[in-house]
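Welcome, and please take a moment to look over the sequence and the 3D view before reading on. We will go from a few terms to the whole chain, and then to some places within the chain.

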Amino acid sequence: MTPPISPPRALPSLLGLKPEEVAELMSSLGEPAFRAKQIIEWTYAKRAPTIEAMSSLSKPLRQSLTERYVTRCMTIAKVTGSEDTTRKFLLKLNDGRYVETVLIPANPALYGGDSDRRTLCVSSQVGCAYDCKFCASGLAGFTRNLTAAEIVEQIVQVEAYAGERVDNLVFMGMGEPLANYSNLTKAIEILNAEWGIGIGARHMTVSTSGLAPQIRKLADFPMQIRLAISLHGASDEVRSRIMPVNQKHNLAELFDALQYWRSKRKQHITLEYILIKDVNDMIAQAHLLAKRARSIHAKVNLIPYNTVDGLAWERPSEAQQDAFHAVLTAAGVTATLRREKGHDIAAACGQLRLKQETAEGIIESPIPEKRITIGAGAAA
């Protein structure tokens, strides 16, 4: 019997290369060193949509690059808008899988952001293996890590479509960022660099379910990025019910890693806490959460549970939400109660889901063509 023929491997993207890597490529092709600078400029500052569009390169070099690389590794399959102008983007990868990213325009409550800051919620994996019980992302299981280029291109695609610059990133879309550490940190370097996308390190937040060893490793990463922890339970008993990762890295280990982070960083840690009716919204949990937050001088971001198809949990009443929040503030903890943006388009926390992969054909119409000019690492 003839074995099945594997599909051709997708070419890597230039969006995942740093200047030294392009310089090495040019050297291997016998090209002068200045070509590397040209390619970096075309890729990041000018956002060339194709290698053929890099007009200052010789035709033979463009042909050689085309045989080895692409400039884009995903396409926008669908954009869903909400009443509050939040936009969710469904992105199709070159291997046919899908991820989602969410654009949140003005959101001053999120991590102390400015009122005019445009935040993008970025995915780091196709699916997720950590099975947090409130979240839709893991319902389809884990498929693979995103490459650094696929992480970077989410910003490029959204800026091109929206016609405006993204200036705040939160790595809390699909997947566990710290389970894809090498690709995540390479993407962050590209996103931060002046020759790259040019987003300030303090305008990037990595959110983790609590991978304590990787938190320590990230604390030694030489960029002043911010950290958010998906806590969701102030005792091991409650947190383990919601977050299976707690059985491997319990609260004692997690908070020990967070103390190490504090020893290396000046920025406040944010503790994310989704309020779930009769699961973790008890006042006793609020008092314990306040104690834990004070121990590391953390801020707390309270998020009422978002309805997820297939999950039976409910959000607490607004009165219970307010009572929980009041305990924290009375204890001197900086706490925000975020009644979120994007809930109506399944774009809020816990809502990202690979519906397209299980129901091909949900796309109602193609994305309308939008032409804008990109320059200096931003939408013009």
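A residue is called buried when its relative accessible area is under 20%, exposed when that area is over 50%, and partly exposed in between, using a 1.4 Å probe and protein chains only. Ala-323 is partly exposed, because its relative accessible area is 30%. You can find Ala-323 in helix α10, which covers residues 318–330. Helices (H or I, at least four residues) and strands (E, at least two) are DSSP runs, numbered from the N terminus. The C-alpha atom of Ala-323 is separated by 9.5 Å from that of Met-282, and these two residues are 41 residues apart along the chain.

A word on the model itself. It is predicted, so local features need pLDDT of at least 70 and side-chain atom pairs count only at pLDDT 80 or more, while totals for chains, interfaces and linings use all residues. Residues are numbered from 1 along each chain as its sequence is written, and side-chain values use heavy atoms, with hydrogens and water left out.

Now step back to the whole chain. Its secondary structure comes to 11 helices and 14 strands, and 51% of its 380 residues count as buried. Contact here means heavy atoms within 4.5 Å. Among the contacts in the chain with a separation of 6 or more, 68% are between residues 24 or more positions apart.

Next, visit Thr-71, in the loop between α3 (59–66) and β1 (74–81). Is Thr-71 buried or exposed? Thr-71 is buried, because its relative accessible area is 7%. A polar atom of the Thr-71 side chain lies 2.4 Å from the backbone oxygen of Pro-49, and one lies 3.5 Å from the backbone nitrogen of Thr-50. Leaving aside residues up to four places away in sequence, Thr-71 touches several others, including Ser-13, Leu-15, Ile-51, Met-54 and Glu-153.

Finally, look at how helices pack. Helix α4 (residues 148–162) and helix α5 (residues 181–192) pack at an angle of about 45°, with their axes 8 Å apart. Angles under 35 degrees count as roughly parallel, over 145 as roughly antiparallel, 65 to 115 as roughly perpendicular and the rest as oblique. The helices α4 and α5 are therefore oblique to each other. Residues of α4 that meet α5 include Ile-151, Val-152 and Ile-155, and those they meet in α5 include Leu-184, Ala-187 and Ile-190.

Among the residues making the contact are Ile-215 and Leu-218 of α6, and Leu-254 and Trp-261 of α8.

Note on methods:
Polar contact = N/O pair within 3.5 Å; in protein donor to acceptor, adjacent residues only side chain to side chain. Axes fitted to C-alpha atoms, helices over the stretch in contact; angles between N-to-C directions.
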